[in-house]
Amino acid sequence: MAVQDGKHVLIVDDDATNLSLANDVLESSGYSTHPTLDPLFGLQAIQANLDRGTTIDLVLSDYEMPGINGVELSRRMAQTPAYKNIPVILYSGRTQEEITQREGGVLPENIQHFIHKPYNIQDLVDAVRSTIESHPVPR
């Protein structure tokens, strides 16, 4: 069984084009995707899936979004016992160093990988696969 079989990825991006691209790429790679344009709804989606007995195995989040950014989303996840073990991949047009500096020099530990946009599609698929493999979410 391939790692993506039965794995659920929440995709959070306020740009509909980027959200659709990431969703299509991951769906075509065999993942069950849960796309949302709103990071606050992303937190609700994690809980809604848990309530249905579905575990989100990874969150792929843009950094710059209205309301809360991808780092704040990750922080809120890390502070919630039921979500704290879900790994996050952050992607952005900014560099990881820029984001780290903007966020006070420290990123939450649940951010396991960073992807710079524009990204190579295979790099995205590889990052999702390797992050899910190396950071399995307890069921």
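Accessible areas come from the Shrake-Rupley method with a 1.4 Å probe. On that basis, the protein chain exposes about 6900 Å². Carbon and sulfur atoms supply 49% of this area. The model is a predicted one.

The protein chain contains five helices and five strands. Along the sequence they follow the pattern β-α-β-α-β-α-β-α-β-α. The radius of gyration is 14 Å, close to the 14 Å that the globule rule gives for 139 residues, so the chain is as compact as a globular protein of that length. Taken along the principal axes, the box filled by the C-alpha atoms is roughly 40 × 35 × 25 Å. Of the 139 residues, 48% count as buried. Contacts were also examined by sequence separation. Among those between residues at least 6 apart in sequence, 70% join residues at least 24 apart.

The protein chain carries 10 positive and 19 negative charges. Eight salt bridges are counted.

One of them pairs Glu64 with Arg94, with the closest N and O atoms 2.8 Å apart. Glu64 lies in the loop between strand S3 (58-62) and helix H3 (70-78), and Arg94 in the loop between strand S4 (88-92) and helix H4 (96-102), so the pair ties together parts that are 30 residues apart in sequence. Glu64 is partly exposed, at 38% relative accessibility. Arg94 is likewise partly exposed, at 24%.

A salt bridge also joins the side chains of Glu103 and Arg75, at 3.0 Å from N to O. This pair links distant parts of the chain, 28 residues apart. Glu103 sits in the loop between H4 and strand S5 (111-116), whereas Arg75 belongs to helix H3. Buried means under 20% relative accessible area. Glu103 has 16% relative accessibility and therefore counts as buried. Arg75, at 24%, counts as partly exposed. Both residues take part in a network of salt bridges that links Glu72, Arg75, Arg76 and Glu103.

A further salt bridge lies within one helix. The side chains of Arg129 and Glu133 meet at 3.3 Å, N to O. Both residues are in helix H5 (residues 121-134). Arg129 is partly exposed, with a relative accessible area of 31%. Glu133 is also partly exposed, with a value of 47%.

Definitions and conventions
Residues numbered from 1 in each chain as written. Predicted model: local features only at pLDDT ≥ 70, side-chain atom pairs only at ≥ 80, totals over all residues. Heavy atoms only, no water. Helix = DSSP H or I, 4+ residues; strand = E, 2+ residues; numbered from the N terminus. Rg over C-alpha atoms; globule rule 2.2 N^0.38 Å. Buried < 20%, exposed > 50% of the residue type's maximum accessible area, 1.4 Å probe, protein only. Contact = heavy atoms within 4.5 Å. Lys, Arg positive; Asp, Glu negative; His and termini not counted. Charge placed at Lys NZ, Arg CZ, Asp CG, Glu CD. Salt bridge = Lys/Arg side-chain N within 4 Å of Asp/Glu carboxyl O.
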